Every structure is written in C-alpha cells, then in structure tokens.
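Visitor: Please take a close look at a single part of this model for me. I would like one connected account.

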Amino acid sequence: MHCIKKITDDLIWVGANDRRLAMFEGVYSVPCGVSYNSYLLLDDKTVLFDTVDKSVFRRFIENLTFALDGRLLDYLVIQHMEPDHSDTICELVLRYPNVKIVCNTKTVTMLNQFYNLDADAHIVKENDVLCTGKHTLTFIMAPMVHWPEVMVTFDQTDKILFSADAFGTFGALNGALFADEVDFNADYMDEARRYYTNIVGKYGVQTCSLLEKASSLDIKMICPLHGFVWRKNFTDIISKYLLWGNYEPEEYGVLIAYASVYGNTENAAEILSSILRDRGIKTVMFDVSVARSSDIVAEAFKLSHFVFASTTYNAGIFISMEELLNDLAAHNIQNRTVGIIENGSWAASSGKLIREKLEKCKNLNILEQCVSIKSGLKDEQITQLGAMADAIVIDISARVANSGGATSSGGGASASSVGSGSAVNSGSATSSSDVAGSGEVAPVIDPAAMFKFSYGLFVLTAKDGCKDNGCIINTPTQIASLPLRISIAVSKSNFTCDMIAKTGVFNLSVLSISVPFELFKQFGFQSGRETDKFTNCGYADRTSNGVRYIPEHVNAVFSAKVTEAYDYGSHTLFIAEITQSFVLSKEPSVTYQYYFDNIKPKPQPKIEKKKGFICKICGYIYEGDQLPPDFICPICKHGAIDFEPL
Ligand code: FEO
C-alpha cells in the first residue's frame, strides 16, 4: 500500500525507508535505517526527481502510481547515478516507456556503464532551464558532491532546491518528513554529520563551491535524497556544512583515539583525558578496536584536537589505528592540532610512524610532546601527559583568542595558562548541550569571557636543596597591604608547586614587554622534574632567601614566604608575605594579551581560499592562478574548456 507525503500542493514525496540494511555502501552501519527520497512534481508535465534503491522498489512504485493518479510520467530528472538512487531506473522506464530522462552528459555515460541503457536523454548543463508548466527548473552542476555527475535542481517557482546527496541524513523517516517536525539538533544532527563527513567529507572544496552557488538562490525548501526535507530553520544545517566543507571544527575539544592490546596504552589515554577534563576541556574517547570508524571520522570533523595513542604492533602502528589514520587522511581531514602517544615494549615505533602518516595531511599541527611508554606507565610519563595536556590547553586558548570565541567550546577551555606553568583555570564549564532536554536552561560559561580578565605574566621560582626550578604563572595578586600579602595559584602538575609546598618560599620575577618567546619555552614548555631549566641561562642571581630570580626582561622581583596554602582541585592557592622586593627597570610589565598579540608566534594561518579551477565534469581541482589552455583533466580527460574558476 502506498505511503506518500505531501510537500506542497503539487510536490509529493514518493520515497521509501529501509530499516533492514546493515551496512550502507557496504561500509557504514545504519542502525536507524535509511530513507531513499524521490519527489514527484505534478505540473502540466509530471516530473520525478530521482528513483530509489532496489530494496524498496515495490513501495516506491506503489507510491508513484498512487501519486500520479492515472497520469503518465513525462520527465525523470536524474541528479545522481549512485545505485541507491538509480537502481530502479530501468524498471521505471519499462513502466513508463515515454518518460524523458533529463540529465547531464556524465550521467548518460554512467547509465550505459551501469545498466546498458542508451538513453535518448534531454541533456542539460549549468543553468539550463526546463519549463514544466507553472514551474521552471534550473539545473546546477555539483560535481563530486558526491560523484562527478551530480547535479542539483532549483525550482524557481516554489524556490525549492532538490539537493541530491547534500543535506542528507542517515536514518529512516519515522512518519515525519520535515526536519522541523523532530528535534533535529538533538536527535539527528549526529547522523547528519556522520552521513556528510563519511560520504562527502573528502570533497569539501566541491561542497563549498555548491554552497556558494546556492547562496545566490532564494531557497525556501531543501529536498535531499536521504533524510528530512528542510522548510524552515535551515541556516543551522547550512552553517554546519560551511564548517565541514572548510574542515573547520564545530567545537573545541579533544578526540582521543587509542589502540591498546593489554590496557596500558588505554591507561595513558584515560589519564590524559582525566587531566584535560580537570582543566575544563571536553574529551571524547574511542577504542579503535571496537568503535565504528564512521563515528570517529564524524567526531574528527566536529572537534578541534586529536590525540592518537597506539601500541607498536609488528613494528608498525596497531592495525585498527592504522586503518583509522588512513580513513581520516582519505577524508582530507585538516586544520587540527594532534598529540601522539606511543607504546612499545622493546622497539616503540608507532609514534614515529603515526607522525609520518599525519605529516602528509594538510594543516595538521602535530605537537612535539610525544609521550613514549615502555609497556606500563611510569611517573615520568604522567608528567609528559601533563605537558601534553598543557600544550593542548595553550593551543585551544590561542584558537579561542584568534577566533574571538567563534567556535563553541564543548567543555570550556581556560584562557589563563601558559606552558606547564598553567595558572588558574575556569574549572568546570557547562555547555548548553549538557542540559539540552532537561527542561531547564542552565547558564552558559563561555571560555572566551576568561580573556577579558587582565593578567600579567611572571616567572615563579623555588629552590629545594640543590634543585632550582621555575615556571610561568599569571595569577599573583596583592590581597592586603597591612600586612603586605599576596596570593598565587599554581597548578599542582607543576614541580614548582611541590617545591613551594615543601619549602614555603618563592620568588616572583615580573616579566616586561621585551621578554622573548624563548623564555616562555624555557620555563613553560618543559618540566623541571626532568630538566634543569637554568642550564646555559647565563646568569645565577639569587635573592636573600637563596632562591633564583630572572634578571633579564624583568622589571621587578619579589621574594615571599608562604603563610597559608589551600587546595583548590587542580591548583594550590598560596597566601604569602613579601620578604624582599626591588625594581630592575622601567619597562612596562607584559600582559597576557600582549603576550598573545606580540610575543607568541602566530598559529598556522587558517585555510587559505584556494585559487584554482575546478573540472565541471569530475570535480578535479587545478591549483594556480592560470589554467594552461592545453590542460587536460588527469581524472576525466576533459580539456580546459570544462574547467571553471573556484
Ligand atoms: Fe545516496 Fe551518493 O548517494
């Protein structure tokens, strides 16, 4: 029996759902099924937009026959030749032998390749129109979204975009056809992301090219080949497509994927995740041996940072981890920061091999802090994991600062840490998504707001026996003048914190604006547990308490004695009395903002707008200002005439 849905007075959904399919395209599990959408326009002429997979042919024909109500089918517009939309074309042509196929030249070739169908087709090219009575259809080529022959159709009369694979979603339609009939963001956005990123994700440039073409259209409705029809609020899904197409993350957060045979690599991943969570950073963990690769790829498009932790296996990367890395590279993943953890009981090499693989991807900032484990974790690796967490926090902070907070923070990232000497954090953060569905609107903690605090930057030094050490902090505050008291909050992961807790004395050197980035690296990017941070520094100055201070790029020095200490989770708050202070120069103190604006090297530039030409036939991209007139597309062998500027 037919089961159709009316979209407008003369447009009807005649598609069908499959909830028994295990693996879509043989690769992607679809536990909630999938819909194959087909649309019938009833105008002076009758027009069908695409057919369906053969698995749902019977329902589709029942729907079409009922919707046609005795009329014949005049046109079949083929927008996409992938068999989940074309496998019933031959059956359709048998039933409606006078139907005119409307398609582009590439589709004609594929009709022959797949079905030995020599179609006497009405061939269309970019911006050709077809009038069907009241409606005027414009055809827009969308090569490689997702196959080279893909085109979309714009109904100028009702302002409807038939978008082929674009804006599709995994999941069967359960009675609702329109996205606004369900809680799409809560219940379906993850599947929309999994669909786009896995199916079309490799072709971000081509997707953006289609979005640019679509931006000039006055679209009132979008009808994709899978999932819901969009008739309102579709700016949300379009903005997601802009991020995905440009390989920009949706959220600040860390995807931690690990491959662990006996649990030790997993242990490292868990500890790192725990440290990051303590610092307010969202983490999502996957055991690559059991997680669906399509889920990891989708999450990779969502989050800003990755950590790959892998045991060494047969002198290589663990199998499922290697598959994941290949999959991510195949999907063109880029513009992310990546940390690597390796494990190996006798010849750890997975870290180096992961790095080599990732270096072939575009715009991946691979952290230098690789953690190397020999079988089980030891104390020094805990420190290294802390340093990796520091580096990630710093990188997220820089990205937040550079974006003006444009990308949301899944868990909230503190702005106030520099190097291992990370200072006070924002603590826990609540994102609006954490409370979705609870019925309550929880206050949002926007990490970007943390940047509105003004901070100075200081080298905090301590001495325990023969050991000198120091770190960078930004938290000293004068809390009283009689008696003169200051407070400092110091991350408990810093060795300096342990030393002050033990000895009760410290020095603060107030950094001034001439301070070079090297000094931040010296005191902020390494741990005093493993290194002597004063090696080769060229000075040996100490205050009367015996603790070293920094005589260069510093305008004042304080010595202090701890009077009280308070445990605040990630940090210890020390209250201290000043025992000595002196001024070294008139140079202004450096602020946290000044550090980011003038001292810290700028992060990798964001994705540049590509200059080049795209093959209208297959979507191949030629990068460059000028396309040689005799250029031949290496994929489809068409000449320069079939290219257009990006
Ligand atoms: Fe559902 Fe690319 O096809």
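**A buried asparagine and other local features**

Guide: In this predicted model, Asn-335 counts as buried because its relative accessibility is 9%, and buried means under 20%. Asn-335 lies in the loop between helix H11 (319-330) and strand S21 (336-343). Its phi is positive, about 60°, although Asn-335 is not a glycine. Most residues other than glycine have a negative phi.

His-553 also has a positive phi of about 60° and is not a glycine. His-553 is in the loop between helix H15 (517-524) and strand S30 (554-568). With a relative accessibility of 29%, His-553 counts as partly exposed, whereas Asn-335 is buried.

Another backbone feature concerns a peptide bond. Most peptide bonds are trans. The one joining Leu-482 and Pro-483 is cis, with omega about -5°. Pro-483 is placed in the loop between strand S27 (477-481) and strand S28 (484-491).

Now to the aromatic side chains. The structure holds 29 aromatic pairs. One of them is Phe-184 with Trp-230: the ring centres are 4.6 Å apart and the planes stand at 70°, so the pair is edge-to-face, a label for angles over 60 degrees. This pair links distant parts of the chain, with Phe-184 in helix H5 (residues 184-187) and Trp-230 in the loop between strand S16 (221-224) and helix H8 (235-245), 46 residues apart. Phe-184 is buried at 5% relative accessibility, and Trp-230 is buried at 4%.

The charged end of Arg-231 sits over the ring of Phe-178, 3.7 Å from the ring centre.

Definitions and conventions:
Residues numbered from 1 in each chain as written. Predicted model: local features only at pLDDT ≥ 70, side-chain atom pairs only at ≥ 80, totals over all residues. Heavy atoms only, no water. Phe/Tyr/Trp six-rings, centres within 6.5 Å; stacked < 30°, edge-to-face > 60°. Helix = DSSP H or I, 4+ residues; strand = E, 2+ residues; numbered from the N terminus. Buried < 20%, exposed > 50% of the residue type's maximum accessible area, 1.4 Å probe, protein only. Lys NZ or Arg CZ within 6 Å of the ring centre and 35° of its normal.
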